[in-house]
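Let's take a walk through this protein model together. Keep the structure open beside you as you read.

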Amino acid sequence: MGLATGVGAARITGRRRALLVVLMLLAVQLVSLARPAYACGCGAMVHDPKTTLAVDRETSVVRWDGRSEQIVMSLTVNGTAPDAAWIMPVPHRATVELGDPGLFDQLAALTAPAVERRHHFWPRGGDWPFAGDGAPAPGARGPGVGVVGRERLGPFDVARLTATDPAALRNWLKAHGFRLPDALATELRPYVAHRWEYVAIRLAPATAHRPLTGPLEPLRLSFASDRLVYPMRLSRLAKTPQSLGLYVLAPHRMEPRSALGGTDPEVFFAGRITPVGALRELGGTRRTFLTALDQTFPQPRRITGDHELVRAAEDTPFRRITYTSALLRVAGIPAWVLTVGGTLLLLVAATPLLVLRSRRPVPPPRPLPPPLT
């Protein structure tokens, strides 16, 4: 009896421990869900710490002519936050305007893989007879902070700022409705030391209390720069892996100086183009070299600085190729059918001849001549 009681008590204790472990794991998950996710190369930030916001994809077009730079930035976000704000450091004073959403569609089509068709002889899945032939994305000034300008651009509240003290910059932003993570002041110190300026952007959807999700309207920043730089340092604050797509328009093929702690940048297009449409409005009519890059940052805390892009050794063109395979046909008829059918017809035609030949009487053997004496 005592032994049974002890075993029962042990089972109850084990169940309690298992339940406790499950509750602890659930609590950890709930805490992680409630934690805001600061993301993107420009340092996207969430107003309410009880909400979440993650940048799934950051895609930017950068145009540089050796003296000035333009960045058209598009973010794709998801989460529970009804509004968001972020800050973009720039090396010189910037002008800000709304970007053309059609620019990204045009670049996606321009850099899409070339399609080359290959043929296979024998039928595969989807080919007859296995299946039918189916048919084969000037203002107030605070201590250490100067307000260059503040304007409303569509859904964006944009403040252009200077700062001599990162803590003062963070305090100004917080006082004017741009709530930022406490770690931002630390990450801003290198920019303050080099006397960069800042574009602070706040966004709220047209419908109140509706979570931000999907692609945000692009913004276009223009500033003087004698080198091609894309700010990335603030992405160190991100809590989730980051994905960066970068279209670079410059006189020559460009490449990053380093991976900045992410994966090796992958070139998926390189070549000279003639700007038309939205590209023409961005870069003029002269032919320019387009370099398209993809990069991921699995651990954003390892990001070491900003992307600086330099001229590649050669203006080597590159384009991805997607191969499609189709059943080889002759006059609309599968070649294998013609081949097999032709072979069968030859066999059928030859069969009577072979049969007749097999039925011919075999002549008797000739008698051997008598032996010589």
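**A loop, a pair of helices and another loop**

Start with threonine 304, which sits in the loop that links strand S17 (288–297) to strand S18 (307–311). Helices (H or I, at least four residues) and strands (E, at least two) are DSSP runs, numbered from the N terminus. Before going further, note that this is a predicted model: local features need pLDDT of at least 70, side-chain atom pairs count only at pLDDT 80 or more, and totals for chains, interfaces and linings use all residues. Residues are numbered from 1 along each chain as its sequence is written, and side-chain values use heavy atoms, with hydrogens and water left out.

Is threonine 304 buried or exposed? Threonine 304 has a relative accessible area of 54%, so it counts as exposed (buried is under 20%, exposed over 50%, partly exposed in between, with a 1.4 Å probe and protein chains only). Leaving aside neighbours within four places in sequence, threonine 304 is in contact (heavy atoms within 4.5 Å) with Arg233 and Leu260. Threonine 304 and glycine 261 are 43 residues apart in sequence, yet 6.2 Å apart in space, C-alpha to C-alpha.

Now move to a pair of helices. Helix H3 (residues 166–175) packs against helix H4 (residues 184–193) at an angle of about 120 degrees, and their axes are 8 Å apart. Those axes are lines fitted to C-alpha atoms, for helices over the stretch in contact, and angles run from 0 to 180 degrees between N-to-C directions. H3 and H4 are therefore oblique to each other (under 35 degrees is roughly parallel, over 145 roughly antiparallel, 65 to 115 roughly perpendicular, and the rest oblique). On the H3 side, the contact is made by Pro166, Ala167, Leu169 and Arg170, while H4 brings Ala185, Leu188, Arg189 and Val192.

Pro166, Ala168, Leu169, Arg170, Trp172 and Leu173 of H3 are buried. Their cover includes strands S4 (84–90), S8 (145–153), S9 (156–163) and S10 (197–203), along with H4. Just after H3, glycine 177 takes a positive phi of about 90 degrees.

Finally, find serine 225 in the loop between strand S12 (219–224) and strand S13 (228–230). Serine 225 is buried, because its relative accessible area is 3%. Not counting residues up to four places away in sequence, serine 225 touches Trp64, Gly66, Arg67, Ser68, Glu69, Pro91 and His92.
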